[in-house]
Amino acid sequence: MIASAARAYSSGLDPSNKKDYDQYVTEWSTHFQTCADDFELERGLNQIFAQDWAPSVELIGEAIKASRRLDTFATSVRILEALEHKVHKKEQYQQYLQVLQPMLSELGVVDKNALGEFQTVRQKVWWADAN
């Protein structure tokens, strides 16, 4: 007989119930504070962004802190990008940024738009030259 252990994060929690929502935020905050590698970080991000509602400011903050602790700057930027697509209005995203701004500045994380446009540079190779 093979025993399998399955984590049951936030199963059966009702986000409209304040107690359940607080439990949800606590569970995932703890997850992000203790995740040891990129896989666990990204698994947690997949879970919180798969919900029908936008993650709380606390969860976004803990996720960004975890990504910087694990030295994945790109993931930090992608968290903000995912949040921008998850909220219903641009004003909501701006409110998140206002609340998170001190932490973002401290960690050196910027919004994708602040990085600017990048031009793709392709190396010219002799065998692809049509001339």
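This is a predicted model: local features need pLDDT of at least 70, side-chain atom pairs count only at pLDDT 80 or more; totals for chains, interfaces and linings use all residues.

Me: Why is α1 called roughly parallel to α3?
Reply: Helix α1 (residues 18-34) and helix α3 (residues 57-69) pack at about 10 degrees, and their axes are 8 Å apart. Angles under 35 degrees count as roughly parallel, so α1 is roughly parallel to α3.

Me: Which residues meet where α1 packs on α3?
Reply: From α1 come Tyr-24, Val-25, Trp-28, Ser-29, Phe-32, Gln-33 and Thr-34, which meet Glu-58, Leu-59, Glu-62, Ala-63, Ala-66 and Arg-69 of α3. By class, the residues of this contact are seven nonpolar, three polar and three charged.

Me: What makes α2 and α4 roughly parallel?
Reply: Their axes cross at roughly 10 degrees and come within 11 Å. The cut-off for roughly parallel is an angle under 35 degrees, and therefore α2 counts as roughly parallel to α4.

Me: Which residues make the contact of α2 with α4?
Reply: On the α2 side they are Leu-41, Glu-42, Leu-45, Phe-49 and Ala-50; on the α4 side they are Thr-75, Ile-79, Ala-82, Leu-83 and Lys-86. This contact has seven nonpolar, one polar and two charged residues.

Me: Why is Ser-76 called buried?
Reply: Ser-76 has a relative accessible area of 0%. Buried means under 20%, so Ser-76 is buried.

Me: Where is Ser-76, and what is it in contact with beyond its neighbours within four places in sequence?
Reply: Ser-76 sits in helix α4. With those neighbours left aside, Ser-76 is in contact with Ile-64, Ser-67, Arg-68 and Val-109. Ser-76 and Leu-104 are 28 residues apart in sequence, and their C-alpha atoms are 9.4 Å apart in space.

Me: How many of the contacts join residues at least 24 apart in sequence?
Reply: The share is 62%, taken among contacts in the protein chain between residues at least 6 apart in sequence.

Me: How do you know that there is empty space in a model like this?
Reply: Rolling a probe the size of a water molecule over the atoms shows where such space is left. Here the largest pocket holds about 180 Å³ of space.

Me: What makes a residue part of the lining, and which residues line the largest pocket?
Reply: A lining residue has an atom within 4 Å of a point of the pocket. Those that line the largest pocket are Glu-42, Leu-45, Asn-46, Phe-49, Thr-75, Arg-78, Ile-79, Glu-81 and Ala-82. By class, that lining has four nonpolar, two polar and three charged residues.

Me: Which helices supply the lining of the largest pocket?
Reply: α2 (38-50) and α4 (73-86) each supply at least two residues. α4 gives the most, with five residues.

Technical notes. Residues are numbered from 1 along each chain as its sequence is written. Side-chain values use heavy atoms; hydrogens and water are left out. On a 1 Å grid over the protein atoms alone, a cavity is a set of points where a 1.4 Å probe fits but cannot get out, and a pocket is an open set with protein on both sides within 12 Å along at least five of seven lines; lining residues have an atom within 4 Å of a point. Grid points are joined across faces, edges and corners, and a volume is the space filled by probe spheres set on the points. Ala, Val, Leu, Ile, Met, Phe, Trp, Tyr, Cys and Pro count as nonpolar, Asp, Glu, Lys and Arg as charged, and the others, Gly among them, as polar. Axes are lines fitted to C-alpha atoms, for helices over the stretch in contact, and angles run from 0 to 180 degrees between N-to-C directions. Angles under 35 degrees count as roughly parallel, over 145 as roughly antiparallel, 65 to 115 as roughly perpendicular and the rest as oblique. Contact means heavy atoms within 4.5 Å. Buried means under 20% relative accessible area, exposed over 50%, partly exposed in between (1.4 Å probe, protein chains only).
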